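Take a look at the structure shown here. This report walks through its helices, cores and charged pairs.

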Amino acid sequence: MKYLSRIKSLLTEYSIGYLIPTIVMGFYFSLLSLNQPLHDFANNYFPALLAVENISPETVLFDIFEFNQYAWSKGYESVIADFYLNSPFTSTLFYPFAWIKNAYYSKLLFNLISVLFFTMSLQLFSKKYLSNNNRFLLLTIPFLFFIPIRNNIEFGQVYILLISLILLGYYYIDSNKKIAGELFLSLSILIKVFPLIYCIPLLISKKWKSIITIFICTLILLSISIPISGSSFWSSYLFEVMPNAINNESTVNFQSNSQSFTVFLKTLFVHDSYYNPEALFDSPTLYRLLSWLFSAFFISIAITTSFQYRKQQFRLLSIWIVVLFLIQSRTATYAQILWLIPAFEIFRGQFSKISKITAFLLLLLICNSPFHWMSELPLFFKFTRMWLSIAFGLMLLIQFKVRLDHMLLKVFLLIFIPFLILLLTKKQNIEESDYVLSKKEYFLIHNFYAKDNHLVYEAIGKNGNEIVHSNIPIEKFDTSACKIEEGQIMYGNQKLTDSYSIKKKPILVNDNLIYYLTDHHSRRGAYTLRQIAIPQKK
């Protein structure tokens, strides 16, 4: 009995007993991932493999078709990859994993390491932030976050590692092992950028040394990354890719699986005959205005509420995680694991049982409901997870006693007015052209040509690369009549476009139309075919 009592006390003290279901679940899905597609792990593994092979990543990754061709050439023909706007640090983080020539074994190793970090971070977190009576909450993790954990591991995503780094960062900073904590937070920032927002609690708490050390650690890690991935990769990302994505609004498309208020508003207010033909309104300005109103409101709440809890680091972190969830443009299933931090802040706090039960049920639905089944429903129901997330966020902020006072109004106006000025003065991103095809059927179109007097185009879709023969007649196909200068299509001395979208391969068709590839209203680099009518030659 003495030994059993000792074992029980050890399990309670170190939380290992409560974490066994999470450990078993993590290792089980990791082994299962060997028989799953590479999924998103391809977006991590192949950029690192390019660095291993001394190929400049920016020459491949920022062209979706070129990136997929590279992956297919390595024997992974079923892969559909898109580096999108991921950080160049990805190629550094996964550099050791890219030396494993079998990408599936590499994915397995990465998943196992992520699970180990997750277990360690939860054990340390519970030791500092959960009382002995509350540590049973660790048993709810596999149940409450079943789908986020499964999808993280199945897709080879980084969010389990990311939340581990954030938890470890705050644990070590609060435990006066600051350099370790600051290094973990720096690493999380370089992996996904947005954890930079999670440093605001340190700013509110006036932990200036930690802020400075995080900055220095980030520079050190960056100095390690540049020789591995190349300075041109970072410069392309920072000075070409990101500015273009922001100006072209390529960070926000019309996919309901984004489950964000920004995408909801864009789907509602921005009509596009190809990507969004069922929009109820056609007012891009109203979309931008309402989107920023929403964001400014929640950012204002986060700022004013933060000063109420400047000495409660974990609560501050929970507030900013919730607000960032509500205002960001995309919230994938695997990212829902980040709800774990505000969830435990509610469950361990001095809140009513009704509040805790409501929070538990909301999170259970947010994290595990099959919302993709609702993709064919009316617009309001397509975004059910978003509405539930807003409800959970509002409930949590109300529990934190948000003050709707004059200070909130001042902060709101301070944030909103500069954007309003920018909205009124910024050049509109309008593509003065029409779509060649009437319906979107593929992820992207990357090439087109004439064959047997008809248009033929090559596209990437669910079945990989496909050649599609259309019934659109082509009598003439002049590849030298127009060109692209400074990102715009030129026909002789006449500039035919004036937008931020990426444009490729302008070709004069039938002497009266210019066909070209563009990513306007799409993800960056996800092209489709558009056409511009030109005056007939006299």
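## A covered helix

Which residues in H3 are buried? They are Ala42, Asn43, Asn44, Tyr45, Phe46, Pro47, Ala48, Leu49, Leu50, Ala51 and Val52. Keep in mind that this is a predicted model. Helix H3 covers residues 42-52, and eleven of its eleven residues are buried, so the rest of the structure largely encloses it.

What covers these buried residues? The cover includes helix H4 (58-61), helix H5 (64-73) and helix H6 (89-93). It also includes helix H7 (95-98), helix H8 (103-129) and helix H14 (208-229). Just after H3 comes Asn54, which takes a positive phi of about 60°.

## The nonpolar cores

Now turn to the nonpolar residues. The largest nonpolar core has 165 residues. Phe46, Phe145, Tyr457 and Tyr515 have the most contacts inside it. Helix H11 (residues 159-174) gives the largest share of this core, 13 residues. Two domains contribute as well: the core draws at least three residues from each of domain 1 (252-426) and domain 2 (434-533).

Which residues does Phe145 touch, leaving aside its neighbours within four places in sequence? Phe145 is in contact with Met25, Thr140, Gln336, Ile337 and Trp339, among others. Its contacts also include Leu340, Ala343, Cys367 and Asn368. There is a second, separate core of ten residues. Among its members are Ala481, Leu508, Tyr516 and Ile532.

## Cysteines without a bridge

A disulfide is a covalent bond between the sulfur atoms of two cysteines. How many disulfides are counted here? The count is zero. Take Cys199, which is in no disulfide. The nearest cysteine sulfur belongs to Cys217 and is 11 Å away. To count as a disulfide, the two sulfurs would have to be within 2.5 Å.

Is Cys199 buried or exposed? With a relative accessible area of 8%, Cys199 is buried, because the cut-off for buried is under 20%. Cys482 counts as buried too, at 8% relative accessibility.

## Salt bridges

How many salt bridges are there? The count comes to ten. One of them joins Asp174 and Lys207, with the closest N and O atoms 3.5 Å apart. This pair links distant parts of the chain. Asp174 sits in helix H11. Lys207 sits in the loop between helix H13 (200-204) and H14. The two are 33 residues apart. Lys207 counts as partly exposed, at 22% relative accessibility.

A salt bridge also forms between the side chains of Glu345 and Arg315, at 2.8 Å from N to O. Glu345 lies in helix H19 (residues 340-347) and Arg315 in helix H18 (residues 313-327), so this pair ties together parts that are 30 residues apart in sequence. Both Glu345 and Arg315 are buried.

How values were computed. Residues are numbered from 1 along each chain as its sequence is written. This is a predicted model: local features need pLDDT of at least 70, side-chain atom pairs count only at pLDDT 80 or more; totals for chains, interfaces and linings use all residues. Side-chain values use heavy atoms; hydrogens and water are left out. Buried means under 20% relative accessible area, exposed over 50%, partly exposed in between (1.4 Å probe, protein chains only). Helices (H or I, at least four residues) and strands (E, at least two) are DSSP runs, numbered from the N terminus. Contact means heavy atoms within 4.5 Å. A nonpolar core is a set of buried Ala, Val, Leu, Ile, Met, Phe, Trp, Tyr and Cys residues joined through side-chain atoms within 4.5 Å. Domain bounds come from an automatic or database domain assignment. A salt bridge is a side-chain nitrogen of Lys or Arg within 4 Å of a carboxyl oxygen of Asp or Glu.
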